[in-house]
Amino acid sequence: MSGHNLLQQVSREPGLKIVDPGASGIINVDRTMGVVHLESGSGAETRDLATPQRAGVVITLALQTDGGGDVTVNTKGSEIINDGGSDKSSVTLGDAGDSICLISIPKGTVINWAVLANNGCTTNA
C-alpha cells in the first residue's frame, strides 16, 4: 500500500464490508472499521445502527444502490449522532453515493456516534 491513497485502498478491502441487513434490520458492528453497502427499494426503508460497545469504532454507511426510496438509519438505545452542531438520532441517505463516516466516542458515561465526514446525507432529530 502507498500512503497517498491509503484510505481508498482500505475501503476496497473485502474484510471491511458489513452486510446490509435489509429493510427494518439491525446493522451490527462487529469490527473496529467497516463499510455498510446499503441498498434501497422503491419505498422508504429504515435500519437500526447497533449501540457501539467501545470508543474508537469507525463505520461508514454508503448507499450503493438507490432503488428510488430513501434509507433512514436510526440509532438504538440512548446513543446519538453528534454532527458538531446538535445531537441527532438518525441519518438519511437518499441517492446512490451518499455516505457518512461515524466514529464512536465517549460522552459522559455513554458511547455515542460522532460524524467524521458526511457526503450528501441528512442528520435528523
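This is a predicted model: local features need pLDDT of at least 70, side-chain atom pairs count only at pLDDT 80 or more; totals for chains, interfaces and linings use all residues.
A salt bridge is a side-chain nitrogen of Lys or Arg within 4 Å of a carboxyl oxygen of Asp or Glu.

**First stop: arginine 47 and aspartate 20.** Select these two residues and display their side chains, which meet in a salt bridge with an N to O distance of 2.7 Å. The pair joins distant parts of the chain, the two residues being 27 apart. Arginine 47 belongs to strand S4 (residues 45-49), while aspartate 20 sits in the loop between strand S1 (17-18) and strand S2 (25-27). Arginine 47 counts as buried because its relative accessibility is 1%, under the 20% limit.

With the three residues shown together, a network of salt bridges linking Asp20, Glu45 and Arg47 is on display.

Next select glutamate 39, located in strand S3 (residues 33-39). Is this residue buried or partly exposed? Its relative accessible area is 43%, so glutamate 39 is partly exposed. Leaving aside residues up to four places away in sequence, glutamate 39 touches Asp20, Glu45, Arg47, Leu63, Thr65 and Val71.

Turn now to the largest nonpolar core, which has 18 residues. Which members touch the most other members? Select Ile27, Leu38, Ile59, Leu61 and Val73 to see them. Strands S3, S5 (58-65), S6 (71-75), S9 (90-93) and S10 (99-107) each supply at least two residues of this core. S5 gives the most, with three residues.

Centre the view on isoleucine 27 and display its contacts, again omitting residues up to four places away in sequence. Among them are Leu38, Ile59, Leu61 and Val73, together with Arg47, Asp48 and Leu49.

**Last stop: aspartate 30 and arginine 31.** The structure holds three salt bridges. One of these remains to be visited: the side chains of aspartate 30 and arginine 31 meet at 2.7 Å, N to O. Aspartate 30 counts as exposed at 56% relative accessibility, whereas arginine 31 counts as partly exposed at 25%.

Note on methods:
Residues are numbered from 1 along each chain as its sequence is written. Side-chain values use heavy atoms; hydrogens and water are left out. Helices (H or I, at least four residues) and strands (E, at least two) are DSSP runs, numbered from the N terminus. Buried means under 20% relative accessible area, exposed over 50%, partly exposed in between (1.4 Å probe, protein chains only). Contact means heavy atoms within 4.5 Å. A nonpolar core is a set of buried Ala, Val, Leu, Ile, Met, Phe, Trp, Tyr and Cys residues joined through side-chain atoms within 4.5 Å.
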